[in-house]
Amino acid sequence: MRATLALFFFFLPARTGSLENLSLEDKVGQILMVRTGYEDIKNFKQDLKAGRVGGVLLQWGRFSEEDTRNTIEQLQKWAKHPLFIAVDYEGGMVFAPQTLGLPSLPTNMMLGAADSNEDAMTLAFLAALELRRLGFSVNFAPVLDVHGYPENPAIGVRSFGEDAENVARLGAAMIAGYKAGGVAAVAKHFPGHGA
């Protein structure tokens with residue numbers, strides 16, 4: 001099983017009632033998040049039923065909006081404990097809009113050029129509402145890498161810009177917007193593709 005370690009333990013009591021009610025295996029499982037595409041989802045059915053997985057990062061494949069919602073509902077039905085359902089929905093060229101039936105978002109570089117905390121927060125809030133409607137609870141965004149050198153192909157338009165203070169300010173606004181919309185934001189990338 002390919003799994004990404006997710007540090008969501010602090011949410012666990014609210015989702016499961018109490019840590020004391022969980023076996024050691026369940027507690028360990030709740031900090032694991034598997035990354036899967038549409039074709040591979042059934043491979044994790046037994047792990048979900050046994051409580052060995054606390055979340056799913058949904059990627060790859062060609063989903064319509066309805067397929068995405070139905071898939072997430074099925075994952076939650078299989079799960080022994082409520083799952084965190086995550087996505088990479090950061091805007092621009094990242095593939096989530098094309099593969100999960102989500103609307104396209106502007107790039108962080110566009111938001112950086114607009115230089116508006118209010119616009120960044122509003123966009124994240126609206127994106128969070130869309131994600132919640134489909135069943136997502138975690139978004140691996142915003143990108144907080146500082147775009148310090150143009151030859152870096154991994155970041156480019158995914159960054160708010162070259163000024164660390166502006167990147168931090170706009171990133172914080174987006175995190176607040178996601179939070180207000182009921183989605184946990186995960187700032188990335190650490191140690192970073194940029195700076």
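Okay, let's start in a loop: Val-146 sits between β5, residues 138–139, and α8, residues 164–180. Is Val-146 buried or exposed? With a relative accessibility of 13%, Val-146 counts as buried, because the cut-off for that is under 20%. Val-146 and Glu-162 are 16 residues apart along the chain, and their C-alpha atoms are separated by 5.4 Å.

Before I go on, please keep in mind that this is a predicted model.

Now the overall layout. The chain has 8 helices and 6 strands. Reading along the sequence, you get β-α-α-β-α-β-α-β-α-α-α-β-α-β. There are 195 residues in the chain, and 48% of them count as buried.

Who pairs with β4? On one side of the bookkeeping there's β3, residues 55–58, which pairs with β4 in the parallel sense over 3 bridges. If you want a specific pair to click on, take Gly-55, whose bridge partner in β4 is Phe-84. Then there's β5, which also runs parallel to β4, and 2 bridges join them. Here the pair to look at is Val-87, standing opposite Asn-139 in β5.

Which way do the side chains of β4 point? Phe-84 and Ala-86 go one way, Ile-85 and Val-87 go the other way, and all of them are buried.

Next up, helix α7, residues 117–134. A quick geometry check: its 18 residues, at 1.5 Å a residue, should span 26 Å, and the end C-alpha atoms are 26 Å apart, so that agrees. Which residues of α7 are buried? The list is Ala-120, Leu-123, Ala-124, Ala-127, Ala-128, Glu-130, Leu-131 and Leu-134. If you look down the axis of α7, those buried residues fall within an arc of 165°, so they line one face of the helix. The spacing in the list fits a general rule, too. An α-helix has 3.6 residues a turn, so residues three or four places apart point the same way.

Also in α7 we have Thr-122. Thr-122 is partly exposed, at a relative accessible area of 39%. Just after α7, look at Gly-135, which takes a positive phi of about 110°.

On to the charges. How many salt bridges are there? The count comes to 9. I'll walk through a few.

Take Asp-26 and Lys-80, whose side chains meet in a salt bridge at 3.0 Å, N to O. This pair links distant parts of the chain, 54 residues apart: Asp-26 is in helix α2, residues 24–29, and Lys-80 is in the loop between α4, residues 65–78, and β4.

Lys-188 is in the segment after β6, residues 184–185, while Glu-90 is in the loop between β4 and α5, so the pair ties together parts that are 98 residues apart in sequence. Lys-188 and Glu-90 are both buried.

Another one is Arg-169 with Asp-115, at 2.5 Å, N to O. Arg-169 lies in helix α8 and Asp-115 in the loop between α6, residues 108–114, and α7, so this pair ties together parts 54 residues apart in sequence. Arg-169 is partly exposed at 28% relative accessible area, and Asp-115 is partly exposed as well, at 41%. Besides these pairs, salt bridges with shared partners join Glu-65, Arg-69, Glu-130 and Arg-133 into one network.

Last stop, the surface. Met-93, Met-109 and Val-157 make a nonpolar patch of about 250 Å². Of that trio, Met-93 is found in the loop between β4 and α5, residues 96–100. Why does Met-93 count as exposed? Because its relative accessible area is 53%, and the cut-off is over 50%.

Note on methods
Residues are numbered from 1 along each chain as its sequence is written. This is a predicted model: local features need pLDDT of at least 70, side-chain atom pairs count only at pLDDT 80 or more; totals for chains, interfaces and linings use all residues. Side-chain values use heavy atoms; hydrogens and water are left out. Patches are made of residues with over 30% relative accessible area and no salt bridge: like charges are joined within 9 Å, nonpolar side chains (Val, Leu, Ile, Met, Phe, Trp, Tyr) within 5 Å. Accessible areas come from the Shrake-Rupley method with a 1.4 Å probe; for residues, only the protein chains shown count as cover. A salt bridge is a side-chain nitrogen of Lys or Arg within 4 Å of a carboxyl oxygen of Asp or Glu. Helices (H or I, at least four residues) and strands (E, at least two) are DSSP runs, numbered from the N terminus. Buried means under 20% relative accessible area, exposed over 50%, partly exposed in between (1.4 Å probe, protein chains only). The expected span of a helix is 1.5 Å times one less than its number of residues. The arc is that of the directions from the helix axis to the C-beta atoms. Two strands pair if DSSP finds at least two bridges between them.
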